[in-house]
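Subject: Structure handover

Hello,

Here is the structure I promised to pass on. My notes on it follow below.

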Amino acid sequence: MFSCGTYDDVARWLRVFLISHAKREHPRLEVVLDDDDALQGRAYRARLRFGENLSEPIELDYKDVADQRGTLTWCTALAARTRTLARSLLRAGSTGDARAR
């Protein structure tokens with residue numbers, strides 16, 4: 001149903017998907033997609049942000065996202081991973097980076 005698409009189309013879908021699941025944990029969580037030129041056209045690196053705090057990165061291959069975004073089991077696993085990361089970031093509290101905990 002959603003398979004394939006341009007790199008930018010898939011990035012837009014991924015951002016909305018991650019935001020929708022992160023915000024289920026806290027409405028002020030945001031998603032930051034790295035705009036690293038080394039990733040352009042082949043992969044994505046996303047982090048959750050809560051105020052000044054950033055989560056560990058999630059790295060996803062462009063082809064995997066493009067091919068799997070219409071698959072319920074893949075989406076369910078990514079949603080769970082996102083929500084777990086969001087809870088971890090929220091628990092990190094006032095530290096500047098979730099990795100510091």
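This is a predicted model: local features need pLDDT of at least 70, side-chain atom pairs count only at pLDDT 80 or more; totals for chains, interfaces and linings use all residues.

**Overall layout**

Along the sequence the elements follow the pattern α-β-β-β-β-α-α. The chain has 101 residues, and 38% of them count as buried. Its accessible surface comes to about 6,000 Å². Carbon and sulfur atoms account for 51% of that surface. Among contacts between residues at least 6 apart in sequence, 55% join residues at least 24 apart.

**Helix 1**

Helix 1 covers residues 7-22. The helix has 16 residues and spans 22 Å from its first C-alpha to its last. That is close to the 22 Å expected at 1.5 Å a residue.

Much of my interest is in what this helix buries. Its buried residues are Tyr7, Val10, Ala11, Trp13, Leu14, Phe17, Leu18, Ile19, His21 and Ala22. They pack against strand 1, strand 2, strand 4, helix 2 and helix 3.

Take histidine 21, which lies in helix 1. Is histidine 21 buried or exposed? Its relative accessible area is 11%. The cut-off for buried is under 20%, so histidine 21 counts as buried. Leaving out residues up to four places away in sequence, histidine 21 touches Ala79, Thr82 and Arg83. Helix 3 runs over 72-91.

Arginine 24 sits in the loop between helix 1 and strand 1, the latter being residues 30-33. Arginine 24 has a relative accessible area of 52%. Exposed means over 50%, so arginine 24 falls in that class. Its side chain reaches back to the backbone oxygen of serine 20, at 3.4 Å. Arginine 24 is also 9.1 Å from alanine 86, C-alpha to C-alpha, although 62 residues separate the two in sequence.

**The strands**

With strand 1, strand 2 pairs in the antiparallel sense over four bridges. Here valine 32 stands opposite arginine 47 of strand 2.

Strand 2 and strand 4 are antiparallel too, over four bridges. In this pairing alanine 43 faces aspartate 61 of strand 4.

Strand 3 is residues 53-54, and its antiparallel pairing with strand 2 has two bridges. Arginine 49 is opposite leucine 54 of strand 3. Strands 2 and 3 form a hairpin with two residues between them. Glycine 51, in the turn, has a positive phi of about 65 degrees.

How covered is strand 2? Mostly: seven of its eight residues are buried. Tyrosine 44 lies in this strand. At 4% relative accessibility, tyrosine 44 counts as buried.

**Aromatic pairs**

The structure holds five aromatic pairs. In one of them, tyrosine 44 and tyrosine 62 have ring centres 6.3 Å apart and planes at 75 degrees. Over 60 degrees counts as edge-to-face, so this pair is of that kind. Tyrosine 44 belongs to strand 2 (residues 43-50) and tyrosine 62 to helix 2 (residues 62-68), so the pair ties together parts that are 18 residues apart in sequence. Ring pairs also bring in helix 1: Tyr7, Tyr44 and Tyr62 are linked into a cluster, and Tyr7 is one of the buried residues of that helix.

**Glutamate 59**

Glutamate 59 lies in strand 4, which spans residues 58-61. Its relative accessibility is 47%, so glutamate 59 counts as partly exposed. Its side chain makes a polar contact with the side chain of arginine 45, at 2.9 Å. Neighbours within four places in sequence aside, glutamate 59 is in contact with Tyr44, Arg45 and Arg81. The C-alpha atoms of glutamate 59 and leucine 39 are separated by 9.8 Å, and the two residues are 20 apart along the chain.

**Where to look**

Then follow strand 2 through its pairings with strand 1, strand 4 and strand 3.

Best wishes

Conventions. Residues are numbered from 1 along each chain as its sequence is written. Side-chain values use heavy atoms; hydrogens and water are left out. Buried means under 20% relative accessible area, exposed over 50%, partly exposed in between (1.4 Å probe, protein chains only). A polar contact is a pair of N or O atoms within 3.5 Å; within protein, one must be able to donate a hydrogen and the other to accept it, and residues adjacent in sequence count only if both atoms are side-chain atoms. Contact means heavy atoms within 4.5 Å. Accessible areas come from the Shrake-Rupley method with a 1.4 Å probe; for residues, only the protein chains shown count as cover. Rings of Phe, Tyr and Trp (its six-membered ring) pair if their centres lie within 6.5 Å; planes under 30 degrees apart count as stacked, over 60 as edge-to-face and the rest as tilted. The expected span of a helix is 1.5 Å times one less than its number of residues. Two strands pair if DSSP finds at least two bridges between them.
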